[in-house]
Every structure is written in C-alpha cells, then in structure tokens.
Amino acid sequence: MSTGEVRQTGATITLDQFIALNDELRALVRAGVPLESGLIEAARDLRGRLGEIAGDLGDRLGRGERLPEALAGSGHPMPELYRAIVEAGLRSGRLAQALEGMAAIARGYAEARRSFAMAMLYPLIILGLAYALSLGFILRIAPKFVAAFDDLGLAPVRSLEFMTRLGETAIYWAPILPALVLLMAVRWHWSGRATVLDAGPLGPVLARVPLVGSMASNYRAAGFAEILALLVEHHVPLDEGVRLAGDASGDRRLRLASDELARAIREARDADFARSLDPRIFPPLLAWMLTAGRRQGGLAEALRHAARTYRRKAETRAEVLRSALPTVLLLTIGVVSVFVYTLLLFLPLSSLWEELAVPINQ
C-alpha cells in the first residue's frame with residue numbers, strides 16, 4: 001500500500017488526511033500530551049473523516065491498545081509502512097523524530113504528485129484542442145464538401161466520403177477519448193498510487209515519453225531512498241526496510257525487485273544482492289549507495305543524499321516539462337494540423353476546380 005491511501009472494507013484515507021493526522025500525532029507527542037485524550041479532543045475540532053479517524057484512534061488507545069495496534073485495527077487502518085515507523089520510533093524512544101521524518105516523506109510525495117499533474121496538464125489541453133478541431137472538420141466541413149460535389153454532379157474525393165461516413169457514427173466513437181482522459185484523471189485523483197507516481201497500466205507507455213518517464217523514475221527512487229533511510233535510522237532491519245520501501249513505492253517492478261533484494265539480505269547472499277540491483281529499476285547512484293552503505297556503514301545518510309539528488313533531478317525535469325513540453329507540443333500539433341488541414345481542404349478544392357475546368361461538351 002502506498003503512503004497516501006489505504007483501502008479496507010471501503011475505508012479510504014487520502015494523502016492530505018494522512019499528513020494532517022501525522023501532524024496531529026507529532027504535535028501531541030512533542031507536547032507530552034497523552035495521545036488517547038489528545039486525539040479525542042482533537043476529533044471534536046476536526047471535521048469529516050479525519051475527525052472520525054482521530055476519535056477512533058483515541059478510543060482504541062484509551063482501551064489500552066498500543067499505537068501501532070490501534071493504527072492497524074482502526075476502521076481506517078494505516079499503511080504497514082507507517083505502522084512499522086511508529087513501532088520503530090517507540091522502540092528507539094524517538095517517536096516524535098520518526099513522525100517528523102514521515103511527515104517530510106509524505107509532503108515530498110504530495111509535491112511530486114502536484115509537479116507531475118501540472119507537467120501533464122498543458123499537453124492534455126493542447127491535445128484536447130487538436131482533437132476538437134479534428135472532430136469539427138469531420139462533422140461540419142467534410143459533409144459540406146461532399147454536398148457541394150453532389151450538387152455539381154461531380155464524384156467526391158474518397159477521403160471526404162470516408163470522413164463523412166465516419167462523422168455519421170461519431171456519436172459512438174467520439175466520446176471514447178474524452179471519457180478515457182476523464183477516467184484517468186479521476187483515477188489519478190483518487191488512486192493511492194497517484195501519490196507515488198504509479199501510472200498503473202499507462203506506466204510502460206509513459207516510461208517511453210521523453211522527460212516524463214525519467215521524471216517519474218527519479219521521484220520513485222527519491223521516495224524509496226527517503227523511506228528506507230528513515231527505517232534504517234530507527235533500527236528497522238534492513239531486509240524488512242527494503243521490503244516496506246518497495247511496497248510503498250506503488251511500482252510493481254520495484255516491489256518485486258525489493259522483495260528479491262530483501263531475501264538476498266536476509267540470507268546473506270552477496271551475489272544475489274548485487275544481481276537484484278537491476279539498473280533498470282534501481283538507478284546507479286541508489287544502487288551504489290545501497291551497496292557502499294551496507295558494507296561501510298552510514299547507510300541512512302547515504303540514502304538521504306541519494307534521495308536529495310534524485311528529487312532535484314525529478315524537479316528539474318518537471319520544470320522543463322511544464323515550460324518546454326507545451327511549446328513543443330503546440331508547435332508539433334500546429335505544424336501537423338496545418339499540413340493535414342491543407343491536404344484535407346486543398347485536395348478537395350483542387351479536385352473540384354479540375355472537374356469544373358473540364359469543358360461541358362467533354
């Protein structure tokens with residue numbers, strides 16, 4: 001499960017709710033206020049689902065449950081990763097620091113989500129405009145050309161006849177593309193994988209788009225490194241930390257590779273450890289930091305350095321994507337549209353002029 005969303009018996013906690021609840025817990029721990037009474041009191045001020053979650057946790061803590069068990073047994077259960085970090089913070093006596101680290105990671109995910117969404121917004125608008133113009137030609141202009149040819153007793157161009165027939169069935173196929181885009185947008189908004197940039201079935205396609213694939217990959221690498229650094233810092237066993245960080249990534253390939261890496265660490269198989277660091281999944285710097293940090297110590301700081309590096313790369317690509325891609329797409333779509341429209345308009349017109357230029361007695 002991802003950091004931002006948990007599904008169980010229909011219950012859903014969003015990333016914003018998760019951040020708000022984590023901040024509330026962190027403030028109570030910092031202030032030394034008993035969590036059970038603090039959460040119940042906070043529930044009176046919090047609205048909606050967030051208030052329900054805080055109240056439920058407060059009730060469970062008041063019945064004597066430990067915080068990790070309360071988080072797991074709540075009607076709005078938290079991700080396994082979060083429970084592991086809370087458990088590690090309690091064991092080390094540094095719960096407030098663990099919650100602060102989780103807050104930084106969650107906000108990093110939120111920022112990554114916003115960057116990715118903004119980077120894709122303008123290209124989608126431009127593509128939507130091109131699609132609307134194409135529909136306009138098929139539905140309005142092509143039939144008028146065909147009617148003009150018919151009125152003059154001339155044989156219309158085959159491409160115009162095809163587009164006219166296509167326009168007659170537009171009620172069936174025209175809404176498909178907008179519906180798919182809307183469905184993806186809704187899924188992006190509500191899916192927990194959105195918070196970790198997992199594109200689901202579109203992942204392989206987006207991975208081949210210049211800048212987009214590398215941006216998503218860098219954000220995933222940064223998130224993986226940040227989570228693993230926090231777990232290592234709070235003395236979670238490395239194999240368990242690798243597995244949890246992979247699960248939190250939301251990426252199937254990274255999750256499977258992390259499981260294999262965790263097994264190699266657990267069974268002390270150095271050859272399998274090196275082989276599990278597939279460069280297509282674990283970027284070179286991250287792989288090197290994992291290897292060197294595991295052997296020489298200082299793994300948490302090494303992973304944080306890798307996380308900062310990959311997050312900067314992702315943010316740079318996101319900025320380039322936001323500024324350059326709409327311009328490139330606009331020029332590309334504009335050139336292609338002008339070329340296609342020229343062919344669609346001037347070929348029928350030239351054919352019409354040629355037919356009209358033929359002497360009547362012929």
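Predicted model: local features only at pLDDT ≥ 70, side-chain atom pairs only at ≥ 80, totals over all residues.

Colleague: At what angle do the axes of H1 and H2 cross?

Modeller: Roughly 135 degrees. The axes of H1 (residues 15-31) and H2 come within 10 Å.

Colleague: Which residues make the contact?

Modeller: H1 brings Leu21, Glu24, Leu25, Leu28 and Val29. From H2 come Leu35, Gly38, Leu39 and Ala42. By class, the contact of H1 with H2 has 7 nonpolar residues, 1 polar and 1 charged.

Colleague: Next pair. How do H2 and H3 cross?

Modeller: At roughly 155 degrees, with the axes coming within 8 Å. H2 covers residues 35-45 and H3 covers residues 48-62. That angle is over 145, so H2 is roughly antiparallel to H3.

Colleague: Left-handed or right-handed?

Modeller: H2 passes H3 in a left-handed crossing. On the H2 side, the contact uses Leu35, Glu36, Leu39, Ile40 and Ala43. H3 supplies Gly51, Ala54, Gly55, Leu57, Gly58, Asp59, Leu61 and Gly62.

Colleague: What classes do those residues fall into?

Modeller: The contact of H2 with H3 has 7 nonpolar, 4 polar and 2 charged residues.

Colleague: And how do H1 and H3 pack?

Modeller: Their axes are 10 Å apart, at an angle of about 40 degrees. H1 and H3 are therefore oblique to each other. Their crossing is right-handed.

Colleague: Which side chains are involved there?

Modeller: I can give you the residues. Gln17, Ala20 and Leu21 of H1 meet Arg49, Leu50, Ile53 and Leu57 of H3. By class that is 5 nonpolar, 1 polar and 1 charged. Leu21 of H1 also takes part in the contact with H2, and Leu57 of H3 is in the contact with H2 as well.

Colleague: Let's zoom out. How many helices and strands does the chain have?

Modeller: The protein chain comes to 16 helices and 2 strands. Of its 362 residues, 45% count as buried.

Colleague: Now the core. Which residues touch the most other members?

Modeller: Tyr82, Phe224, Phe282, Leu286 and Leu290, in the largest nonpolar core, which has 66 residues. H11 gives the most to this core, with 9 residues. There is also a second, separate core of 10 residues, and it includes Ile138, Ala142, Leu154 and Leu160.

Colleague: Back to Tyr82. What does Tyr82 touch?

Modeller: Setting aside residues up to four places away in sequence, Tyr82 touches Phe18, Asn22, Leu25, Leu71, Leu99 and Met102. Leu25 is one of the H1 residues in the contact with H2.

Colleague: You mentioned H11. Where is Ala222, and is it buried or exposed?

Modeller: Ala222 is in helix H11. Its relative accessible area is 0%, so Ala222 is buried. Beyond residues up to four places away in sequence, Ala222 touches Ala307, Tyr310 and Arg311.

Colleague: How far is Ala222 from Ala306?

Modeller: 7.0 Å, C-alpha to C-alpha, though they are 84 residues apart in sequence.

Colleague: What about Asn218: buried or exposed?

Modeller: Buried, because its relative accessibility is 8% and the cut-off is under 20%. Asn218 is in H11 too, which spans residues 212-233. Leaving out neighbours within four places in sequence, its contacts are Tyr310, Lys313, Ala314 and Arg317. Tyr310 is also touched by Ala222.

Colleague: Which loop holds His235?

Modeller: The one between H11 and helix H12 (238-249). At 60% relative accessibility, His235 counts as exposed. Its phi is near 65 degrees, a positive value in a residue other than glycine.

Colleague: Last one. Where does Ala174 sit?

Modeller: In the loop between helix H8 (170-173) and helix H9 (176-190). Ala174 counts as buried, at 13% relative accessibility. Apart from neighbours within four places in sequence, Ala174 is in contact with Tyr131 and Leu135. The C-alpha atoms of Ala174 and Ala132 are separated by 9.6 Å, and the two are 42 residues apart along the chain.

Note on methods
Residues numbered from 1 in each chain as written. Heavy atoms only, no water. Helix = DSSP H or I, 4+ residues; strand = E, 2+ residues; numbered from the N terminus. Buried < 20%, exposed > 50% of the residue type's maximum accessible area, 1.4 Å probe, protein only. Contact = heavy atoms within 4.5 Å. Axes fitted to C-alpha atoms, helices over the stretch in contact; angles between N-to-C directions. Parallel < 35°, antiparallel > 145°, perpendicular 65-115°, else oblique. Left-handed = near helix turned anticlockwise from the far one by under 90°. Nonpolar A, V, L, I, M, F, W, Y, C, P; charged D, E, K, R; others polar. Core = buried A, V, L, I, M, F, W, Y, C linked by side-chain atoms within 4.5 Å.
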